[in-house]
Amino acid sequence: MPQVTADAWVPVPPDVAFAVSQTTGEVRLRWDPFIRSQHLVDAERPAKGVRTVTRARIGPRMVSEYVSYRPPTSVGMTMVEGPWFFERFGGGWRFTPEARDGVAGTLAVWKYTYAVRPAWLRPVAEPIGQWLLGREIRARIAAFARACSDEAVLDAATAPAPD
């Protein structure tokens, strides 16, 4: 299956980077250029088994499910329902402590894998998918990196969870 990977270093610890990546609602819309809307299904917070409905800025809608949720190191999802052109789609985000130039921080690596359908379309569609999805994911992780320096996002991400 084709895969697209993007990474960014951020000057915050992994628990903060992870928390920023899992923001929802208006806070998520403040930083995430990929989504037009996103919400959890029958849950207050992300967790393994929780489903998310996401409408991309460029149009397609996807229902995904967390297949792993391991704060502050990683999160994984897989498509449950999505655009007709994806046979399969999944993603994983990893957050690893990494100092740069004496500054403690986190290396965020986001990887997505997918398969296009119908199979006969793959030779044409997969290179287009690599380009388009790659562009979107690089823009998304760059926005995430900026969000890790945005005081409003950081405050919301690290606020205690409501009871």
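Ala, Val, Leu, Ile, Met, Phe, Trp, Tyr, Cys and Pro count here as nonpolar; Asp, Glu, Lys and Arg count as charged; the others, Gly among them, count as polar. This is a predicted model, in which local features need pLDDT of at least 70, side-chain atom pairs count only at pLDDT 80 or more, and totals for chains, interfaces and linings use all residues. Residues are numbered from 1 along each chain as its sequence is written, and side-chain values use heavy atoms, with hydrogens and water left out.

**View 1. The largest pocket and its lining residues.** About 830 Å³ of space lies in this pocket. A pocket is an open set of points on a 1 Å grid over the protein atoms alone, where a 1.4 Å probe fits, with protein on both sides within 12 Å along at least five of seven lines; lining residues have an atom within 4 Å of a point. Grid points are joined across faces, edges and corners, and the volume is the space filled by probe spheres set on the points. The lining has 43 residues, and Phe 34, Met 62, Phe 86, Phe 89 and Leu 133 are the closest to the pocket centre. By class, 24 are nonpolar, 13 polar and six charged.

**View 2. Elements around the largest pocket.** Helices (H or I, at least four residues) and strands (E, at least two) are DSSP runs, numbered from the N terminus. Strands S2 (35-41), S3 (51-56), S4 (61-70), S5 (74-81), S6 (86-97) and S7 (106-116) each give two or more residues to the lining, as does helix H3 (122-147). H3 supplies the largest share, seven residues.

**View 3. The open sheet of seven strands.** The strand order is S1-S7-S6-S5-S4-S3-S2, with antiparallel pairing. Two strands pair if DSSP finds at least two bridges between them. S1 (3-10) and S2 are the edge strands, each pairing on one side only. From one strand to the next, the twist averages 20°. S3 and S4 pair in the antiparallel sense over five bridges. Within this pair, Val 53 has Val 63 of S4 as its bridge partner.

**View 4. Helices H1 and H3 against the strands.** H1 packs on the sheet and touches S1, S4, S5, S6 and S7 (contact: heavy atoms within 4.5 Å). The direction of H1 makes about 150° with that of S6. Axes are lines fitted to C-alpha atoms, for helices over the stretch in contact, and angles run from 0 to 180 degrees between N-to-C directions. The buried residues are Pro 14, Val 16, Ala 17, Phe 18, Val 20 and Ser 21. H3 lies across S1, S2, S6 and S7, and runs at about 155° to S7.

**View 5. Two cis peptide bonds, at Pro 72 and Pro 118.** Pro 71 and Pro 72 are joined by a cis peptide bond with omega of about 0°. Pro 72 lies in the loop between S4 and S5. Arg 117 and Pro 118 are also joined in cis, with omega of about -5°. The loop between S7 and H3 holds Pro 118.

**View 6. Positive phi at Asp 42 and Asp 101.** Asp 42 is not a glycine, yet its phi is about 55°. Asp 42 sits in the loop between S2 and S3. Asp 42 is exposed (over 50% relative accessible area), at 82%. Asp 101 has phi near 50°. The loop between S6 and S7 holds Asp 101. Asp 101 is exposed, with a relative accessible area of 82%.

Definitions and conventions: Buried < 20%, exposed > 50% of the residue type's maximum accessible area, 1.4 Å probe, protein only.
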